[in-house]
Amino acid sequence: MNGDNLHHRSVPQTTTLLKTPNNISINKINLKKTPNYVSSNGKMSDQWHTQWWSLADASFLRWTAADIIGVFKYHPVPCFFAVTLLFFMGVEYTLRMIPPSSPPFDIGFVATVYLHRILASSPTLNTVLAGLNTVFVGMQTTYIIGTWVIEGRPRATVAALFMFTCRGILGYSTQLPLPEGFLGSGADFPVGNVSFFLFYSGHVAGSVIASLDMRRMQRWELAILFDTLNILQVMRLLSTRGHYTIDLAIGVGAGMLFDSLAGKYMKNASSNVAEQDGLCTNRPLLS
């Protein structure tokens, strides 16, 4: 028999030999009509992406007026951010850039002009507030280390290690100038009027890491106390020009980010320890 007949897709000449190819052709037609979006491992099928995708299957073609209304009704926060995106696009593209010869504009400095004048005229008050802030940094450090060495929960400590390592890399990579009107104090942390990285604020990030751990442990009163002290700390750092606003804002984000990364790290580390328990008799400290 001619071998080309084996691939014939019209009326089969030999039922036995052409039954399988004919079924394959039917399956392909059905697959095109009802593509297999998700594979067995829960991911989008590569075959769907490379062979069967078309504009006719785009999600937006199935949207209805009720779907559009539902976005505004049930998802107001993303809608709000969409509006702010458009607003700040307009601000950014029409803003007059700060020239190199001028000091940077900082809205936090504008908001704390009055407090800056008070602290500049009263060095004693500035030193007292710096000392109190250093006590708060000590409270953060004690709590974060204590969660590991006392309670045996190393997540907050790991998060702080991640955070300060990244801060060191970024702070050295871009060394910002001291803000104009900086009010230093020997009582401020790091104690002794030593140099420090401006970007980003380790004071704020450490406080956020401690506060998040307190919330996980349902220590609500202590978490509220730390958040309140952190707000006061932000106000003092802006008033003394110890940090730019962006340093403090990124400090909040960094605390949240590295707490989340530490949680994922600890989860993976615990899984690895559990798998190796039969091979190792001594459990590691970070487990």
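Author: Contact means heavy atoms within 4.5 Å. This is a predicted model, where local features need pLDDT of at least 70 and side-chain atom pairs count only at pLDDT 80 or more, while totals for chains, interfaces and linings use all residues. Residues are numbered from 1 along each chain as its sequence is written, and side-chain values use heavy atoms, with hydrogens and water left out.

Reader: Which residues does Leu170 touch, not counting residues up to four places away in sequence?

Author: Leu170 touches Phe199 and Tyr200 on that count. Leu170 and Tyr200 are 30 residues apart in sequence, and their C-alpha atoms are 7.9 Å apart in space.

Reader: Where is Leu170 found?

Author: Helices are DSSP runs of H or I, at least four residues, numbered from the N terminus. Leu170 is found in helix 8 (residues 155-173).

Reader: Does Leu170 count as buried or partly exposed?

Author: Buried means under 20% relative accessible area, exposed over 50%, and partly exposed in between (1.4 Å probe, protein chains only). Leu170 has 34% relative accessibility, so Leu170 counts as partly exposed.

Reader: How is a pair of aromatic rings described?

Author: By the distance of the centres and the angle of the planes. Rings of Phe, Tyr and Trp (its six-membered ring) pair if their centres lie within 6.5 Å; planes under 30 degrees apart count as stacked, over 60 as edge-to-face and the rest as tilted. The whole structure holds nine aromatic pairs. One of them joins Phe162 and Tyr265, edge-to-face, 6.0 Å centre to centre, with 80 degrees between the planes.

Reader: Which helices does the pair link?

Author: Phe162 lies in helix 8 and Tyr265 in helix 11 (residues 245-275), 103 residues apart.

Definitions and conventions: Helix = DSSP H or I, 4+ residues; strand = E, 2+ residues; numbered from the N terminus.
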